[in-house]
Every structure is written in C-alpha cells, then in structure tokens.
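This report describes selected side-chain features of one protein chain. Please keep the sequence and the structure in view while reading.

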Amino acid sequence: QVQLVESGGGLVQPGGSLRLSCTVSGTIFGIYMAWYRQAPGKQREFVARITTNSSTNYLDSVKGRFTISRDNVKGALYLQMDSLKPEDTAVYYCNKYPSNWSWGQGTQVTVSS
C-alpha cells in the first residue's frame with residue numbers, strides 16, 4: 001500500500017509563494033504524478049501533472065504561476081506556487097495520474113490578507 005505524505009502548506013498573503021512537497025513510500029519511476037486540490041464546498045480538482053520524462057500540464061488558472069517537478073530517486077514530488085491568489089486556497093494532495101492510490105492527508109494552503 002503506497003503512502004503519500006504532503007507538506008509545505010500554510011497561510012500566505014496574496015502574491016506570496018509556497019513550495020509543497022510530497023513523499024511517496026514506493027517508487028515513482030515510470031509513473032505519471034500529479035497535484036490536486038480541494039477547496040471548501042467543492043470537488044477535488046486536477047492542478048498539475050508531470051510525466052515520466054518531466055513534461056508538464058497545468059490547470060489553466062495556475063499556468064505561469066505554479067511549477068511541478070519530481071525527484072525519482074527520492075520518490076518526491078514538488079509544487080512551487082508563486083503569485084498566489086485567494087482562489088488558490090484549498091487542501092492540496094499528490095497522487096498518480098490518473099489518481100488511484102489512496103489519498104494522503106493533504107496540506108492546507110490558505111491565501112489571505
């Protein structure tokens with residue numbers, strides 16, 4: 001059973017930055033990985049994806065502000081979030097793409113002045 005542990009969230013002012021990390025208990029070699037988020041009262045949504053050769057795709061609303069990256073040796077996934085907006089407030093999760101591992105606890109990101 002793969003375990004996912006997200007970290008790095010917090011409270012940040014609009015325009016600020018955060019870097020999220022995700023550690024995976026198993027290997028991520030050969031696996032597409034992604035970040036997802038769930039805002040209060042909304043369904044979980046896709047945020048960013050990274051393929052095995054590090055090609056990336058993003059939700060339109062985060063393009064140019066967020067950057068997904070991976071470290072296959074460490075079994076880690078990252079999300080650099082810049083120019084944060086209040087609408088980015090959510091619990092952020094990592095998982096395979098498509099997602100079919102059990103979800104971790106996520107990390108809360110709150111963007112507010």
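## A buried tyrosine and its partners

Y36 is buried, with a relative accessible area of 8%; buried means under 20% relative accessible area, exposed over 50%, and partly exposed in between, using a 1.4 Å probe and protein chains only. The model is predicted, so local features need pLDDT of at least 70 and side-chain atom pairs count only at pLDDT 80 or more, while totals for chains, interfaces and linings use all residues. Residues are numbered from 1 along each chain as its sequence is written, and side-chain values use heavy atoms, with hydrogens and water left out.

The count of aromatic pairs comes to four. Rings of Phe, Tyr and Trp (its six-membered ring) pair if their centres lie within 6.5 Å; planes under 30 degrees apart count as stacked, over 60 as edge-to-face and the rest as tilted. One of these pairs is formed by Y36 and F46, which are edge-to-face at 6.4 Å centre to centre, with 75° between the planes. This pair links distant parts of the chain, since Y36 belongs to strand β4 (residues 33-38) and F46 to strand β5 (residues 45-50), ten residues apart. Strands (E, at least two residues) and helices (H or I, at least four) are DSSP runs, numbered from the N terminus.

## The aromatic cluster

F46 is partly exposed, at 25% relative accessible area. The ring centres of F46 and Y97 are 5.6 Å apart and the planes stand at 65°, so this pair is edge-to-face. F46 in strand β5 and Y97 in the loop between β9 and β10 (107-111) are 51 residues apart, and their pair links distant parts of the chain. Y97 is partly exposed as well, with a relative accessible area of 33%.

Which residues form one aromatic cluster? They are Y36, F46, Y93, Y97 and W103. A charge sits over a ring if NZ of Lys or CZ of Arg is within 6 Å of the ring centre and within 35 degrees of the ring normal. The charged end of R44 sits over the ring of Y93, 4.2 Å from its centre, and over the ring of W103, 3.8 Å from its centre.

## The disulfide

A search of the whole structure finds one disulfide, a term for a pair of cysteine sulfur atoms within 2.5 Å. C22 and C94 form the link, with their sulfur atoms 1.9 Å apart. The link of C22 and C94 is right-handed, with 55° about the S-S bond. It joins distant parts of the chain: C22 lies in strand β3 (residues 18-24) and C94 in strand β9 (residues 90-96), 72 residues apart.

Are the two cysteines buried or exposed? C22 counts as buried because its relative accessibility is 0%, and C94 counts as buried at 0% also.

## The nonpolar core

A nonpolar core is a set of buried Ala, Val, Leu, Ile, Met, Phe, Trp, Tyr and Cys residues joined through side-chain atoms within 4.5 Å. The largest such core holds 28 residues, of which W35, F66, L79, M81 and Y92 touch the most other members. At least two core residues come from each of β3, β4, β5, β7 (66-71), β8 (76-81), β9 and β10. The most is given by β3, with four residues.

Contact means heavy atoms within 4.5 Å. Not counting residues up to four places away in sequence, F66 touches a set of residues including V47, Y58, L79, M81 and Y92, together with the charged residues R37, D82 and D88.

D88 is found in the loop between β8 and β9, and D88 is buried, with a relative accessible area of 0%. A polar contact is a pair of N or O atoms within 3.5 Å; within protein, one must be able to donate a hydrogen and the other to accept it, and residues adjacent in sequence count only if both atoms are side-chain atoms. The side chain of D88 makes such a contact with the side chain of R37 (3.1 Å), and a polar contact of 2.8 Å joins the side chains of R65 and D88.

R37 is found in strand β4 and is buried at 5% relative accessible area. The side chain of R37 also makes a polar contact with that of Y92 (3.0 Å). R65 lies in the loop between β6 (56-58) and β7, and counts as buried at 9% relative accessibility.
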